[in-house]
Amino acid sequence: MAIFSFLFPTPIDFNFGECLWFLDRGFDDCLYRLDKSSVTRVIRLEEGLALFQVEMAGTQLQISILNRPLSQKEVIALKNYISDWFDLQLELDPFYQLIAKEPRLAFMKEEYFGLRMVGIPDLFEAICWAIIGQQINLTFAYQLKRKLVEGYGERMEFNDHTYFLFPTPEVLATVAIEDLQGMQFSRSKASYLLGIAQAFADQSISKERLSLLPDVSSRQKFLTDIKGVGPWTANYALMKSLKERSCIPHGDAGLLNALIHLEIIQDKKDTVSIAAFFSEYIEWESYLVFYLWRTLSKRT
């Protein structure tokens, strides 16, 4: 039973069911708990951990706080987090108008209407997740993520369930590389994660610092100058955490498969055709990538 709850208005072109489906694709994510109509997760706010549940109530989101009251300042922080998580400030109609002009993409509006870029508000988590997923399949990536989170993340016990937070940079920076190797991380991947953690812990990297850079190109360069962060990882993190609109994770296997499947390209190495295709969607490239990824999966 909720301690208290509040309603959160959503845009007309928002579909919580689509976003919930994205969160529930059959992978073993350890940072939230899902049922058919809601998602529950824990967040650290000013006065401590807060467990909250999100579900639809008519045309609004109902946010229920399960473990303690929140101050007004914390309610505002939670609203900002949820807005960021589900990208609620964006109007999608311009994107839908663009894809409607392309017969091979027009179906997306009807089939995936209201799907938002479900983000990772914590930049540290976003970069770590991208590094974890480098050159391995998603099933194994989620297994590694669970080991990392259960090993080093803060936890909350509530009603016979355990809820986790992603490890903080300060905690992860103290871990021995051999301990991560014992969790089946490769030595290089473990080294990258620990280096990123140290950089965040000493504040040489932060979401605020990255946001202050003048444009997406400078943000991409800032990230790719970090050992272990290539163009794919940088673009993924910028898409998911800073909600950059013009990022394309070139070389992504899922993206290439979607482009082949929709007969947009014939050859995965045809970078000229890929560039020409995305040139029609300036400032919507990230959303188009996200929707192309969506085409790879069907509801069961």
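This is a predicted model: local features need pLDDT of at least 70, side-chain atom pairs count only at pLDDT 80 or more; totals for chains, interfaces and linings use all residues.
Helix H5 is largely enclosed by the rest of the structure, because 10 of its 10 residues are buried. The buried residues of H5 run from Leu-123, Phe-124 and Glu-125 through Ala-126, Ile-127, Cys-128, Trp-129 and Ala-130 to Ile-131 and Ile-132. What covers these residues? The cover includes helix H6 (138-152), helix H7 (169-172), helix H9 (187-201), helix H10 (207-211), helix H11 (216-224) and helix H12.

Of these partners, let me take H12 in detail. H5, residues 123-132, packs against H12, residues 231-242, at an angle of about 145°, and their axes are 9 Å apart. The crossing of the two helices is right-handed. On the H5 side, the contact is made by Leu-123, Ala-126, Ile-127, Trp-129, Ala-130 and Ile-131. On the H12 side, Trp-232, Thr-233, Tyr-236, Ala-237, Ser-241 and Leu-242 take part. By class, this contact has 10 nonpolar and 2 polar residues, and no charged ones. On helices in general, an α-helix has 3.6 residues a turn, so residues three or four places apart point the same way.

I turn now to the sheet. Five strands form an open sheet with antiparallel pairing, in the order S1-S5-S4-S3-S2. Its edges are strand S1 (4-9) and strand S2 (33-34), each of which pairs on one side only. Within the sheet, strand S4 (residues 48-57) and strand S5 (residues 60-65) run antiparallel and are joined by 6 bridges. Met-56, for instance, has Leu-61 of S5 as its bridge partner.

Two helices lie across this sheet. Helix H1, residues 16-23, lies across S2, S3, S4 and S5, and runs at about 75° to strand S3 (38-45). Helix H2, residues 72-85, lies across S1, S3, S4 and S5, and its angle to S3 is about 130°.

Leu-90 sits in the loop between H2 and helix H3 (93-100). Is Leu-90 buried or exposed? Its relative accessible area is 15%, which is under the 20% limit, so Leu-90 counts as buried. Leaving aside neighbours within four places in sequence, Leu-90 is in contact with Asp-13, Arg-116, Arg-245, Trp-284 and Tyr-287. In the case of Arg-116, the separation from Leu-90 is 26 residues in sequence and 8.7 Å in space, C-alpha to C-alpha.

Strand S6 (residues 155-158) and strand S7 (residues 161-164) pair in the antiparallel sense over 4 bridges.

Finally, the chain as a whole. Its secondary structure comes to 15 helices and 7 strands. The radius of gyration is 19 Å, close to the 19 Å that the globule rule gives for 300 residues, so the chain is as compact as a globular protein of that length. The C-alpha trace spans about 50 × 50 × 40 Å along its principal axes. Buried residues make up 51% of the 300 residues. Among contacts between residues at least 6 apart in sequence, 65% join residues at least 24 apart.

Notes: Residues are numbered from 1 along each chain as its sequence is written. Side-chain values use heavy atoms; hydrogens and water are left out. Two strands pair if DSSP finds at least two bridges between them. Contact means heavy atoms within 4.5 Å. Axes are lines fitted to C-alpha atoms, for helices over the stretch in contact, and angles run from 0 to 180 degrees between N-to-C directions. A crossing is left-handed if the near helix is turned anticlockwise from the far one by less than a right angle, and right-handed if clockwise. Ala, Val, Leu, Ile, Met, Phe, Trp, Tyr, Cys and Pro count as nonpolar, Asp, Glu, Lys and Arg as charged, and the others, Gly among them, as polar. The radius of gyration is taken over C-alpha atoms; the globule rule is 2.2 Å times the number of residues to the power 0.38. Buried means under 20% relative accessible area, exposed over 50%, partly exposed in between (1.4 Å probe, protein chains only).
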